[in-house]
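Hi there,

Here is the structure I promised to pass on to you. Please open it alongside this note, so that you can follow along residue by residue.

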Amino acid sequence: MSSALAAPEAPVATDPAAPRTPAPVPPDPGVGRRVGATLGPIAWRILKPSIAIVVFLALWEIAPRVGLVDEVFLPPFSTVVEAFADLVGSGELWQHVSASLSRALIGFFVAVVIAIPLGIAIAWYRPVSDFLNPILELFRNTAALALLPVFILILGIGEESKIALVIYACTFPILLNTISGVRTVDPLLIKSASSLGLSPVRLFQKVVLPAAVPTIFTGIRMAAASSILVLIAAEMVGAKAGLGYLITASQFNFQIPNMYAGIVAISVLGLSLNAVLVLIERRLSRWRV
């Protein structure tokens, strides 16, 4: 019987000067989990507010098609989107949006310029508050739309009456929130700043006004919403251009998809304006957590 023993292999000679290839590093399974743990909450934070909107739009699309509501009076959302696209393509929608937006912005900015200094003066100086409070209490309980016939009689049916109505509707939310914001500043902050020797002007500039910014912007955002809503109502009464005119004219001509397209345009306009104001507020109140 013969047996063969395998001869040991000769060691391979390696050149010490040759570069060594590093061994591949296996991927860390924990990296994927950490990335998922980071991106998951962010994606959920983005998608969560959209769920209710998607459900609402799906219900809007399905309900007319299955006969829950009359399709003539409530077209499916896709039909409204087509009408919206046609209005955009023809340029008609931009004509109405620009007319409404210019009136709303002019009235809104005039109200901001008037209401914020007036609110600061009322909140900071007691004699001013005692003098103006009675007249303010009288007018702030009077609805803006109730005064629309008065504005039309005095200023006419043109642009002046609509802008004046927007100014009136926007002034009181900004004014009242400015007064509240200035008066509710933490007294401890004021005492601490006074103990450091700040003059009244510097005290107001460095302590009172920054602390009141969040409350003031609450009033500004409320006024922005009021400016659009009140203006649309005024344009429904008498106007030749504007989103309110578009909605009313579409209703009278039984162009129902165009009517809903104008309503959607109002919603988009309001959301856009509110988003801009939120960004400005965050910029001016970066000290908040």
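Below is what I found, going from the whole chain down to single residues.

One thing to keep in mind from the start: this is a predicted model.

**The chain as a whole**

The protein chain is built from ten helices and has zero strands. If you take the contacts between residues at least 6 apart in sequence, 70% of them join residues at least 24 apart.

In soluble globular proteins, nonpolar side chains tend to be buried together. Here, the largest nonpolar core has 58 residues, and the members that touch the most others are Phe-108, Ile-174, Ile-220 and Leu-243. Eight helices each supply at least two residues of this core: α2 (77-90), α3, α4, α5 (148-155), α6 (159-183), α8 (200-237), α9 (243-252) and α10 (256-284). The largest share, 14 residues, comes from α8.

Leaving aside residues up to four places away in sequence, Ile-174 touches Ala-111, Val-112, Ala-115, Ile-116, Gly-219, Ile-220 and Ala-223.

**How α3 meets α4**

Two packed helices are described by the angle between their axes and the distance between the axes. For α3 (residues 92-124) and α4 (residues 126-140), the angle is about 120 degrees and the axes lie 6 Å apart. That makes α3 oblique to α4. On the α3 side, the residues in contact are Leu-118, Ala-121, Ile-122 and Trp-124, and they meet Arg-126, Val-128, Ser-129, Leu-132 and Leu-136 of α4. Sorted by class, this contact has seven nonpolar residues, one polar and one charged.

Is α9 enclosed or open? It is largely enclosed by the rest of the structure, because seven of its ten residues are buried. Those seven are Leu-243, Gly-244, Leu-246, Ile-247, Thr-248, Ala-249 and Ser-250. The buried residues of α9 pack against α2, α3, α8 and α10.

The loop between α8 and α9 holds Lys-240. Lys-240 has a relative accessible area of 78%, so it counts as exposed. Along the sequence, Lys-240 is 82 residues from Gly-158, yet their C-alpha atoms are 9.4 Å apart in space.

In the loop between α9 and α10 you will find Phe-254. Most residues other than glycine have a negative phi. Phe-254 is not a glycine, but its phi is positive, at about 60 degrees.

Gln-255 is found in that loop between α9 and α10 too. With 38% relative accessibility, Gln-255 counts as partly exposed. The C-alpha atoms of Gln-255 and Ala-83 are separated by 9.5 Å, although the two residues are 172 apart along the chain.

Technical notes
Residues numbered from 1 in each chain as written. Predicted model: local features only at pLDDT ≥ 70, side-chain atom pairs only at ≥ 80, totals over all residues. Heavy atoms only, no water. Axes fitted to C-alpha atoms, helices over the stretch in contact; angles between N-to-C directions. Helix = DSSP H or I, 4+ residues; strand = E, 2+ residues; numbered from the N terminus. Parallel < 35°, antiparallel > 145°, perpendicular 65-115°, else oblique. Contact = heavy atoms within 4.5 Å. Nonpolar A, V, L, I, M, F, W, Y, C, P; charged D, E, K, R; others polar. Core = buried A, V, L, I, M, F, W, Y, C linked by side-chain atoms within 4.5 Å. Buried < 20%, exposed > 50% of the residue type's maximum accessible area, 1.4 Å probe, protein only.
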